[in-house]
Amino acid sequence: MVPAGKPAEACDKTVDAQFGTYRERMLQTLLLGATRGICQFGRIAWAPLAIFVSRDLRLSTVQQAKLLSAFPLGYMLTQIVGGVAADRFGGKSVQTVTLMVFAIGMLFGPTVADLSGMPGLYVIYFSIGIFAGPQHPACSAMTSAWVPQSELGLANSVQDACTIAGELLATLVAPVSASLFGWKYTFTAIGVIAALYCALWMLLAQSRPGETSAQQGAEPAQSKAAWPPLKALLYPQIWSAVLQHMCFNGNKYFFTSWMATYYDKVFHLGPEQSAPYLSAEKLIGISAPLALRALEAKLLLGDRKQQLLHSRKIFALVAFGINALVALCLQQLDRFSEVRDAASAPLLVSVLLCVNAAAIAAHGFGFKANYGDLTAKYSGAFMGFGNMLASFMTFVVPLGAAFLIGASGGNWSSVFLGIAVLNFLGFGFSRFMSTSRLDVELDEPTSKKSD
């Protein structure tokens, strides 16, 4: 709300002063997006590289699935602690540690594999996951510190686009590099890239507007409480975002982890051959937020405050519906051998994945932005709690997919059907649970940030 007797322009300037200039906000948003992109690059590269590792170490499908599940198992253990630390001390130092461990893990991965094989790689990937866990909550805490509520959709879409760019590099560059130079060289190259970016991040990133180098990593003068009150778990607004997040992660990381293997097993196309098909969806994921941002602007015409959360809900409903439809189409395609074995089948699956990628991008304007709507003071803690539970889905889905594929003799239909059901659940959580602001005594009403 605009205070009486005070022009709207003056209020806008006050908001800008609180969150820094637009240029400063965009720089920090881009740095946060690049950090997520680097982490995602290192994380997702393991999916296609695991095929080369499996050939080299002669791993079974179950062993490969176990290796891929190591990261999310470690990842979900440090979400809440990392989020609370970021809320209290700022997100820069937390994410610096994440980048350092990523670089070290990738650099030493080949040596560990030579010494102890698959168990050693499992420990490396698990350890990377433990230290990567706080990154997303720390990113959320920094975003809340820098970005007003009215710009959360844009900030999320920019960060998601950078994340998908990292996935694109992992999907396209990593397998080609591994086929030309070997997976061990590729691991080392990723480690070098992470180390170089870590130096840039340390130089430019700031946890909060106006923070000096002496204040980085220190507790602010007006210290935030370490933990949100337990009563927060009683509010459906929080569970609405968390449950949607769980369904989203199960869907996204199934496709991220398993489609390279799907092309390898079903279409007999190795990672380097399937890379062009799987890269197309990443390009859609990067470009889609531009159109989605324009659509959000149209939905917000009129009373922005009243329509903002309604817009979040519309984006979530449509996105989950399309995700479910894509999974059902893939399930039907896999059921009919004449379609599955056609020469055009790899291209058809690529088109469906592009549609799925556009829907995944829409979630940046849906439940993801809702985390920032809930509260500013505990943004990192709530994101950590939600990401912990969502990471459980990332851990369970690869193992569940491997079990279903093995039990059905290599049939993927049941897996795609399960993913469709997961998205229908997400649709239901968005449709029937509240997604309004959490304006309770947790902190000052979040509406003050956008008024």
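Across the whole structure, a predicted model, the search returns 21 aromatic pairs, a pair being two rings of Phe, Tyr or Trp (its six-membered ring) with centres within 6.5 Å. The rings of Tyr-263 and Phe-267 have centres 5.1 Å apart and planes at 70°, so they form an edge-to-face pair (planes over 60 degrees apart; under 30 counts as stacked and the rest as tilted). Both Tyr-263 and Phe-267 are buried, that is, under 20% relative accessible area, with exposed meaning over 50% and partly exposed in between (1.4 Å probe, protein chains only). Ring pairs also join these two residues into a cluster that includes Trp-258, Tyr-277 and Trp-412.

Salt bridges (a side-chain nitrogen of Lys or Arg within 4 Å of a carboxyl oxygen of Asp or Glu) number 6. One of them joins Arg-25 and Glu-151 at 2.8 Å, N to O. Arg-25 belongs to helix H2 and Glu-151 to the loop between helices H7 and H8, 126 residues apart (helices are DSSP runs, H or I, of at least four residues, numbered from the N terminus). Both residues are buried.

Another bridge pairs Lys-282 with Glu-167 at 3.1 Å, N to O. It connects helix H11 to helix H8 across 115 residues, and both partners are buried. Through shared partners, Glu-167, Lys-252 and Lys-282 form one salt-bridge network.

Residues are numbered from 1 along each chain as its sequence is written, and side-chain values use heavy atoms, without hydrogens or water. Local features need pLDDT of at least 70 and side-chain atom pairs 80 or more, while totals for chains, interfaces and linings use all residues.

Terms used: Helices (H or I, at least four residues) and strands (E, at least two) are DSSP runs, numbered from the N terminus.
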